Each structure stands twice: as C-alpha cells, then as structure tokens.
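Had a look through this model and jotted down some points for you. Keep the coordinates open while you read.

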Amino acid sequence: MSVPWAEHYARLPWATPMGPYDLEVRLAVARGSCASAAAIFRDRYGGAENVQSLSLLGDEGQRSHWRGVMHLSTRRFAYRFRVEDEAGNACWFGADGLAATRGETSWFQYPYVGDGDLHAIPAWAVGAVFYQIFPDRFCNGDPSTDLPGTLPWGAPPTGSSFFGGDLEGIRSQLPYLADLGVQALYLTPIFQANTNHRYDTTDYYRIDPPLGTEENLRQLIDGAHNLGLRVVLDGVFNHCGAGFAPFRDAVAQGRSSPYWEWFRVHGERISLDPPNYETFANRNASMPKLLTHRVGVRRYILDVATYWTRFGIDGWRLDVANEVDHVFWRTFRETVRSVNPDALIIGEVWHDPTAFLDGSEFDTVMAYRWRRAILGFVSGRKNASAFAEEITRIRTVTPPTVEHVMMNILGSHDTERVRTHFGGDAERAMCAAGLQLTLPGMPSIYYGDEIGMEGGPEHPDARRCMEWDVTHQQVAMRERYRALIALRKQYAALSCGDMESVASGHPLVYAFRRTHPEGDILVAANLGEHPWRPREDGPIRRLDEDGDVLPPRSVGLWKVDSLVGSTTDMQR
Ligand code: CA
C-alpha cells in the first residue's frame with residue numbers, strides 16, 4: 001500500500017457544512033506519503049460521481065492534512081477518497097478503511113446538510129479587530145461616582161484596589177479607539193459586584209454604580225455605534241457573587257428558600273466559611289456556582305440575556321463557558337439570536353473548543369492555544385517550522401466555519417501582558433502584534449498593548465491603569481498598530497482570505513500568504529539576527545514600509561501581484 005494510513009470521520013471538524021450545498025472534508029494521511037488526494041462523491045442514494053481534488057492544508061507531527069469542499073445540490077453526501085503517492089500508485093480510503101481498489105471501499109455518509117445546522121456567523125465579526133477593556137482601569141470619566149478609597153490613577157494595583165474607571169471614561173475615549181481602527185469593544189463585567197473585576201455579580205440588572213448608570217451605557221453604545229464600533233459585554237453565568245439576592249435568600253432560609261435548588265449545597269444549611277456548596281474554581285466562597293440545568297436558573301439567565309441584548313449590545317463573551325452545560329448554551333444562543341440575529345457569542349474556553357463550535361452554541365472562543373503558539377515562536381523557544389506545524393495543528397482542530405472569527409489574543413486580564421512575556425522587549429511585542437493583525441481570525445487587543453504597556457505575570461499586575469500620558473516610543477508603537485489595522489481593513493486578503501505557510505528559507509523567519517480573489521498578501525515575521533528579503537520571482541511590493549529588506553525582529557507585508565516563492569510547505 002502506497003499510503004500506510006489515513007484518517008477521516010464524517011463529523012466536525014473533519015466534515016463541516018460550509019453552506020447548504022457545500023461540505024468541507026479534511027483527510028489526514030501519514031506525513032508526506034501522498035502526492036495528491038481527491039474526494040469522489042455523489043448523492044448517497046446514487047447518481048453520477050463527482051471528483052473534488054484536495055489541497056494540502058499543512059503537515060504536523062506524523063500527519064499531512066488535506067482538505068477540499070464538495071458541492072452537491074441534493075445536500076446528501078456519500079464520499080470516499082482516492083490518494084496517490086509520488087510514484088503514481090493509487091489507493092482508496094472509505095468508511096471501512098484503506099483499500100487497493102474502489103470496489104473494496106465503502107462510502108462515508110454525511111446524510112443531509114440541514115439549513116438549521118449551518119453556522120450563522122454575524123458578518124460584522126468576520127476578521128474584525130476587537131479591543132478588550134477592563135473598565136476600572138481604562139479611563140475615569142466621572143470622578144463623582146468614585147468609591148471611597150479610590151487610588152490615584154497609575155498607582156500599582158492590588159487585588160482589591162479601585163481606580164475609578166467608568167463607562168463615561170470609555171465613552172470619552174471612543175474617538176481614540178475609532179482612530180486606532182478597532183471595530184468592536186469587549187468589556188469585562190460591568191454589572192453590580194463587590195470586586196474591581198466584577199466577576200462576582202450581585203445584580204445582573206444593574207450597572208455597578210461606580211461605573212455609571214444605564215444611561216451611561218446607553219450613551220456608550222450609541223456613541224460606539226455612531227462610530228461603527230460594536231460593544232460586547234461579559235456574561236458571568238457559570239457562577240454569581242455571594243451577594244446575589246437568590247443566594248442570600250438560600251443562606252437565610254435554607255431548604256425552604258425557593259432558590260435552594262439554584263445551588264449545589266452539601267448539607268441542610270449553607271455554610272460560607274468554609275463553603276459547603278459548589279463554587280467557581282476551588283472553594284471560592286464568594287462565587288457560588290449556578291446550576292444551569294434548573295428551570296429557575298435557566299429562566300433567570302435567559303431573561304437577563306434578553307434584557308441586555310434588547311438594550312442594544314452586540315454580543316456576549318461568556319465567562320467560564322466550558323463549565324456550563326452544552327444544552328443550556330444552545331438555549332442561550334437561540335434566545336439571544338431571536339432578539340438580535342447579529343449578536344456575536346464568544347466563549348471562554350482555554351482548551352479544545354470544537355465541542356462548542358458546531359454552530360449551535362458559540363460563534364468563537366478566546367484563542368489561548370493560538371496565543372501560546374505565537375508567544376513560543378516570537379520568544380525564540382520555537383523555530384518557524386515548529387510554529388508552522390503548531391498553526392496547522394490549531395487549524396485542523398478548528399472548524400473551518402469559525403477560522404475568521406477566532407478571538408486571537410496575545411494576552412488578557414487573566415495572563416501576563418505580551419510585552420512582559422518577552423521581558424519588556426518592545427520589538428518582540430510588536431512582532432507578536434504583527435502576526436496577530438495579519439493571521440486569520442479576530443485579533444483582540446488587550447487595552448494598552450498598543451502602547452506596549454507592561455504587567456504581570458498575572459492579575460492584579462496585568463490590570464494596571466491605561467497610560468494616557470505617552471512617550472515617543474509608545475506613540476510610535478501605536479502608529480504601527482494603527483497602520484497594520486488600516487491595512488487589514490483595506491485588503492480583503494488580510495481580513496478574510498485563506499492562508500498558507502510559505503517556505504522562507506530561514507529557520508527563524510515565518511512567512512505565510514493570505515490569498516483572496518482581490519489579490520494576495522505575503523507576510524513575514526523575521527525573528528532571526530539578519531535582514532531577510534522575499535524571493536523576487538514575481539511582481540511584489542512592500543505595503544507597510546519602504547524598502548524590501550525585513551530587519552531582524554520585525555514583521556513585513558508585501559502585495560503579491562502574481563505567484564511568488566514556493567507554496568510547498570516549508571518543512572518539506
Ligand atoms: Ca469614576
């Protein structure tokens with residue numbers, strides 16, 4: 001047998017409906033064992049056979065990944081694969097495995113592409129640039145509501161310090177954000193709570209008073225919408241705060257409380273210290289877990305989601321989303337989308353997110369694995385071919401439907417800042433940002449990263465006050481961010497084009513091409529010690545700077561007017 005093994009399953013993300021008549025299939029084979037591959041398909045009740053050749057998505061580990069999109073007007077797919085080695089020896093792969101002849105294989109079946117199963121992603125989100133704000137630390141627009149003991153802006157944060165940032169402050173900086181070019185804001189929690197991070201909600205219907213009022217949120221949303229920016233709020237529904245009225249009632253009344261069953265209590269009464277009830281993380285008494293399979297809890301959260309979606313927000317980022325029942329999230333999506341069909345739903349899932357991304361739950365997740373890959377390469381811990389493999393690995397476990405909305409982060413309120421990760425090296429931080437703003441997905445900038453703010457290794461230090469009094473170096477970095485965001489919006493290849501790794505000829509230069517019918521863009525990140533230039537075997541021109549030479553520790557973009565360089569995977 002020319003191909004020792006192959007792998008495919010007729011389900012996500014190996015088989016993904018891309019439209020009513022389009023099914024993307026992916027095939028993994030032993031690395032390098034296959035020179036060409038094709039899907040042979042027909043209606044599963046019979047009829048003419050069609051051929052769709054597959055293209056190489058990339059290599060990683062022991063595997064080569066191929067993919068292609070089959071088109072069938074009846075939507076009822078039966079298919080098998082034909083693969084060929086370099087010598088032209090062919091074999092077949094079907095539901096029963098590999099075989100030498102087609103007669104020995106059976107069909108994979110994808111019975112029907114139902115319209116209701118298509119993943120409807122809001123068009124505004126595709127490739128959009130997000131900006132994440134920690135409201136207490138971005139801008140203090142109204143000192144009159146500051147809590148007693150509010151620290152002076154810029155003092156070192158502690159776990160319990162408040163700095164007076166508020167919704168009016170964010171509204172007042174909308175021109176700054178629009179000028180930077182970001183297209184959507186993600187605010188960490190704004191509802192009433194007892195902490196500066198506000199992940200311990202005590203009233204889901206009330207803006208936390210130090211942040212402002214509903215009227216302030218109204219003005220922020222209206223102001224953002226007028227500038228073309230979307231606003232996504234943080235929904236903390238896995239748990240509440242210990243001050244949440246239903247929890248307090250359960251504490252006071254025990255089993256006779258109508259809210260008793262909203263929580264999982266081990267005993268006849270609730271004990272707070274130590275907690276005898278299920279909580280967020282390990283015995284975090286201030287964050288009791290909400291049982292989303294209980295009717296009362298479901299109805300309450302769905303009402304909250306309806307209220308704020310109707311208020312005019314553009315979506316939800318869902319905290320600790322991976323610890324909440326899938327069946328609840330399906331209802332949540334249906335509820336939110338029935339109010340606003342354009343609402344974006346983002347889950348916080350740090351591990352393999354595929355189970356949440358079939359189109360019935362979330363549109364995307366915060367891409368922590370992607371972050372680790374970027375940091376590994378830009379720090380020098382991994383070379384370009386290892387990085388290319390990691391990008392391929394991430395792409396192969398991600399449904400193709402969500403590739404252009406994956407929330408690509410370099411850091412968040414839960415991690416150290418990107419520049420701090422590189423020991424304060426601003427050039428490396430800018431390389432990471434260059435990759436973030438040119439790879440497929442929704443780049444999400446953690447407030448202040450655009451001026452190279454530092455902080456970490458984690459909270460509270462990663463949640464410092466935004467620096468508004470900036471140095472020349474910070475202005476230069478922000479201008480670079482602004483230029484890259486502008487290019488991303490100008491060229492469809494960068495915002496929604498396909499991508500492929502390109503051979504760079506250097507182990508510490510990662511190059512890739514974003515492809516689009518309107519024109520391709522070549523991007524390279526040079527983490528080596530020497531200047532690099534792309535191969536000049538086609539018309540090509542640098543987009544972001546003058547001169548074709550890419551200095552060490554920088555990212556460059558070239559407009560490609562025809563084929564340039566090798567499209568074969570670099571590690572071959
Ligand atoms: Ca304030």
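1. Valine 320 sits in the loop between β17 (315–318) and α6 (326–339), and its phi is near 45 degrees, a positive value in a residue other than glycine. Helices here are DSSP runs of H or I with at least four residues and strands are runs of E with at least two, numbered from the N terminus.

2. Before going on, the ground rules. This is a predicted model, where local features need pLDDT of at least 70 and side-chain atom pairs count only at pLDDT 80 or more, while totals for chains, interfaces and linings use all residues. Residues are numbered from 1 along each chain as its sequence is written, and side-chain values use heavy atoms, with hydrogens and water left out.

3. Arginine 283 also has a positive phi, near 50 degrees. Its place is the loop between α4 (245–253) and α5 (295–311), and at a relative accessible area of 58% arginine 283 is exposed. As background, most residues other than glycine have a negative phi, and most peptide bonds are trans.

4. Two cis peptide bonds to check. One runs from leucine 12 to proline 13, with omega near -10 degrees; proline 13 is in the loop between β1 (6–7) and β2 (15–19). Another runs from glycine 456 to proline 457, with omega near 20 degrees, and proline 457 is in the loop between β21 (442–446) and α11 (472–490).

5. Overall build: the chain has 12 helices and 26 strands. A compact globule of 572 residues would have a radius of gyration near 25 Å, and the chain agrees at 25 Å (taken over C-alpha atoms; the globule rule is 2.2 Å times the number of residues to the power 0.38). The C-alpha trace spans about 75 × 60 × 40 Å along its principal axes, and 59% of the residues count as buried.

6. The chain is divided into domain 1 (6–117), domain 2 (127–235 + 326–492) and domain 3 (494–569), with bounds from an automatic or database domain assignment. The C-alpha centres of domain 1 and domain 2 are 38 Å apart. Across that pair, 16 residues of domain 1 are in contact with 13 residues of domain 2 (contact means heavy atoms within 4.5 Å).

7. What is the volume of the largest pocket? About 490 Å³. A pocket is an open set of points on a 1 Å grid over the protein atoms alone, with protein on both sides within 12 Å along at least five of seven lines; a cavity is a set where a 1.4 Å probe fits but cannot get out, and lining residues have an atom within 4 Å of a point. Points are joined across faces, edges and corners, and the volume is the space filled by probe spheres set on them. Of the 32 lining residues, Arg395, Thr398, Pro399, Pro400 and Glu403 are the closest to the pocket's centre. α8 gives the most to the lining, with four residues, and domain 1 and domain 2 each supply at least three.

8. Finally, three cavities of 30 Å³ or more turn up in the whole structure. The second largest cavity has a volume of about 40 Å³, and its lining includes Asp136, Asp146 and Arg198.

Methods:
Buried means under 20% relative accessible area, exposed over 50%, partly exposed in between (1.4 Å probe, protein chains only).
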